Amino acid sequence: MDKKSFQDDLIGWFVSEQRELPWRKDQDPYKVWVSEIMLQQTRVDTVIPYFNSFLEKFPTIEALASADEEKVLKAWEGLGYYSRVRNLQSAVKEVRENYGGQVPDSPEKIASLKGVGPYTAGAILSIAYGKPEPAVDGNVMRVLSRILLIWDDIAKPASRKIFESTVREIISHENPSYFNQALMELGALICTPTSPSCLLCPVRDHCAAFDEGVQNELPVKTKKKKQKNIELAAGIFTDDQGRILIRKRPETGLLANLWEFPTVELGLGFQRQREQLAVHFEEIYGFSPKISESLGEIGHVFSHLIWNIHVFSGSFDGDIIESTQLKLVTEEEIQEYAFPVPYQKMLKQYLEFKKAD
């Protein structure tokens, strides 16, 4: 490969063809950081409105570091993978306390921040600070596996090191920001996972896979393990004033610190779903609820498991003692609390059913 010619063709294409994205308007390291965290496992079109809204609420490191976690989670509601934003807030607090509110520009310091892995560190250092650091994600590995005919399995963690060292060899030192962004953009728009648009590719003349006709065989990527199916029953329960019972999930684990409705994982016994939910309610709160027939089912796919939620509504007459983990809220107040997507769907289903009733 003629390295200089490759760099010129790639960067020249990016200059003329790059998408207008809100985080590209300037090279503010905080904005680059927020965008890269949001873009992990989330599509660009989905991220744009979230990014704009998040920056309106938390325009600076100081604003995010000082914000109430409940409001931060609410701003992230619907994006999923909530540990991303919890780690981001922890990390900006570190930046405020240890670096005077300025995102560090050294690989060692930035990599020590919570939730900042090699890719995010490389993206911030190259895009915001113009340092020739690799920013290697699945997109970049796919592009380079084709261009350079790399047959290593990109699903294996060890392969990332191969691609990182490759980027260090070919990255533009004059414009590392555009070089890394161009690789990402190429993977998003042209060198796609299936049916890459080779005839439109600005670096086709440099691509060994195209030359050999094997672009559709790369990258090599072994399949993940099959997702586990979990059956759940959940209920929207109201007290005698019509307030809805919500509870906070544990501080660690899946969907940590978000709010939910009383939910139980269903056992394999002969009890019906609503009976298992009633038993769970009584065990936790000390009295039996009245539960309606099913309002339907909601499915939700995570990276490692699939939820199938059997949805019910119900009421109760006993006293619930509220706490930081347990609330009784009106339909208006509930909008202030951050819920995972399946519970947002559940609330919508409940309100529509109630309206039609």
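Buried means under 20% relative accessible area, exposed over 50% and partly exposed in between, with a 1.4 Å probe and protein chains only. The model is predicted: local features need pLDDT of at least 70, side-chain atom pairs count only at pLDDT 80 or more, and totals for chains, interfaces and linings use all residues. Residues are numbered from 1 along each chain as its sequence is written, and side-chain values use heavy atoms, without hydrogens and water.

**View 1. Helix H3 and its buried residues.** H3 spans residues 44-57, 14 residues in total. Helices (H or I, at least four residues) and strands (E, at least two) are DSSP runs, numbered from the N terminus. From first C-alpha to last, H3 reaches 20 Å, close to the 20 Å expected at 1.5 Å a residue; the expected span is 1.5 Å times one less than the number of residues. Val 44, Val 47, Phe 51, Phe 54 and Leu 55 are its buried residues. Their cover includes helices H2 (29-39), H4 (61-66), H5 (69-76) and H6 (83-98).

**View 2. The Phe 237 and Phe 281 pair.** Rings of Phe, Tyr and Trp (its six-membered ring) pair if their centres lie within 6.5 Å; planes under 30 degrees apart are stacked, over 60 edge-to-face, the rest tilted. The structure holds 15 such pairs. Phe 237 and Phe 281 are tilted, at 4.7 Å centre to centre and 50° between planes. Phe 237 lies in strand S1 (residues 228-238) and Phe 281 in helix H13 (residues 273-285), so the pair ties together parts 44 residues apart in sequence. Phe 237 is buried, at 0% relative accessible area.

**View 3. Phe 281 and the ring cluster.** Phe 281 is buried, at 0% relative accessible area. Its ring centre lies 5.8 Å from that of Phe 287, with planes at 70°, so this pair is edge-to-face. Phe 287 is also buried. Ring pairs link Phe 237, Phe 281, Tyr 285, Phe 287 and Phe 316 into a cluster.

Technical notes:
Contact = heavy atoms within 4.5 Å.
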